[in-house]
Amino acid sequence: MKKFWLSLLVLVSICQYSLAALTVSDPAGGNIWQYDNVAIGWTSDNIADGSLVSIILCQNGIDYDTLSTGQTNVIGPNSYSWSVGQSAGGNYSIKVISESDPNIFAFSPTFAVVAPTITANASAIAQFDDLIVSWSVAGAISNDVTIVVVENSQSAVVSDGSTSYNFTTDNSADWLPGTYTIVVTSSDQPTISDSITVSVSATAISGVSSSGISQYEDLTVSWSESGSLGASVLVTASNGGFSQSTTVSAGTGTATFTTDTSWPAGSYSISVSSVSHPSVTASTS
């Protein structure tokens, strides 16, 4: 019995020595970013200089991935740079273990690997407005992205560190009124992306009307507007080879012509067009 207790005491002493010989301090717990470069730090007090250790990523205390073998250990502080390519998840830890004596090992505090994110944003617009797409990133990725507008295949590659990009829209078939899906994808890590939807409304002139008048009476024209016409609209009254025009501010919705005998009797066609975007037009006939 005395021999048994002596052997147990020796075993306990060896275990205490093994645990005391190695301490893994970094990562120190909390969260680390996937794809980041993370310093793994450990302190060796009683392992000889030049001995080799292995560095193992564990999850739930079980070996998950061997990060490095044959790392030369020195007495005192040691470090290893880990490029975090493993899956996002929780309850990870780093184990540093002696390659000559597997009884000598230690674990870091537990930590989580968190995937980087992209968050995209854009606001509803009307045709001819700039569609401004902005984004923010979190984690170990740059601001460089590829942007795709799914419905019309418009795209852009942003690689200058910017966090916004402007698409110029119009009233062509590429930018018909409707809902558009925008996908912003990391250039560094193409599996990381965000998608949003944005509505594009019509820029239009409609409901052009006027009442019959006699010469010397004022001819009043009215219409409705929507969207982004620009600063002004051109209103034209035509009768055969006769034509008179006036420019008024967009949003006014009315224009007045003063007539006289130079205005020939007959039926007049009235047109209203955006000065900035002449393709946006409407008429009475």
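Entry 1, the five-stranded sheet. Before I list any sheet I note what pairing means here: two strands pair if at least two bridges are found between them. The model I am reading is predicted, and I keep that in mind throughout. With that definition I looked up an open sheet of five strands, whose order is β11-β17-β16-β13-β14 and whose pairing is mixed. Its edge strands are β11 (125-126) and β14 (154-158), each of which pairs on one side only. Inside this order I followed strand β16 (residues 178-186) and strand β17 (residues 193-201), which pair in the antiparallel sense over eight bridges. As one example of residues facing each other across these two strands, I wrote down that T179 stands opposite S199 in β17.

I then turned to S153, which lies in the loop between β13 (145-149) and β14. Its phi is positive, about 60 degrees, although S153 is not a glycine. Is S153 buried or exposed? I found that S153 is exposed, because its relative accessible area is 57% and the cut-off for exposed is over 50%.

Entry 3, the three-stranded sheet. Next I looked up an open sheet formed by three strands in the order β18-β19-β22, with antiparallel pairing. The edge strands here are β18 (204-210) and β22 (254-258), and each of them pairs on one side only. From one strand to the next the twist averages 20 degrees. Strand β19 (residues 218-226) is joined to β22 by five bridges, and the two run antiparallel. Across this pair I noted that T220 stands opposite T256 in β22.

V208 counts as buried because its relative accessible area is 13%, and buried means under 20%. Which residues does V208 touch, leaving out those up to four places away in sequence? I found V221, S222, W223, I270, V272, A282, S283 and T284 in contact with V208. I also checked one distance: V208 and T281 are 73 residues apart in sequence, and their C-alpha atoms are 9.8 Å apart in space.

S273 is found in strand β23 (residues 269-274). With a relative accessible area of 16%, S273 is buried, as the cut-off is under 20%. Not counting residues up to four places away in sequence, S273 touches I205, S232, V233, L234, P278, V280 and T281.

I moved on to strand β2 (residues 30-33), which four bridges join to strand β9 (residues 111-114), with the two running parallel. In this pair W33 stands opposite V114 in β9. Strand β9 also pairs with strand β7 (residues 89-98), in the antiparallel sense and over two bridges. Which residue in β9 is the bridge partner of G89? The partner of G89 is V113.

In the loop between β1 (22-26) and β2 I found P27. A cis peptide bond joins D26 and P27, with omega at about 0 degrees. In the loop between β2 and β3 I found Y35, which has a positive phi of about 75 degrees although it is not a glycine. Y35 counts as partly exposed because its relative accessibility is 25%, and that class takes in values between the 20% and 50% cut-offs.

The place of W42 is in strand β3 (residues 37-44). W42 is buried, with a relative accessible area of 2%.

Last, I asked how many residues line the largest pocket. The lining has 15 residues, of which G212, I213, L219, G266 and Y268 lie nearest the centre of the pocket. The space in this pocket is about 260 Å³. Sorting the lining by residue class, I recorded seven nonpolar residues, eight polar ones and no charged ones.

Terms used. Residues numbered from 1 in each chain as written. Predicted model: local features only at pLDDT ≥ 70, side-chain atom pairs only at ≥ 80, totals over all residues. Heavy atoms only, no water. 1 Å grid on protein atoms, 1.4 Å probe; cavity = no way out; pocket = protein on both sides within 12 Å on 5 of 7 lines; lining within 4 Å. Points joined across faces, edges and corners; volume = space filled by probe spheres on them. Nonpolar A, V, L, I, M, F, W, Y, C, P; charged D, E, K, R; others polar. Buried < 20%, exposed > 50% of the residue type's maximum accessible area, 1.4 Å probe, protein only. Contact = heavy atoms within 4.5 Å. Axes fitted to C-alpha atoms, helices over the stretch in contact; angles between N-to-C directions.
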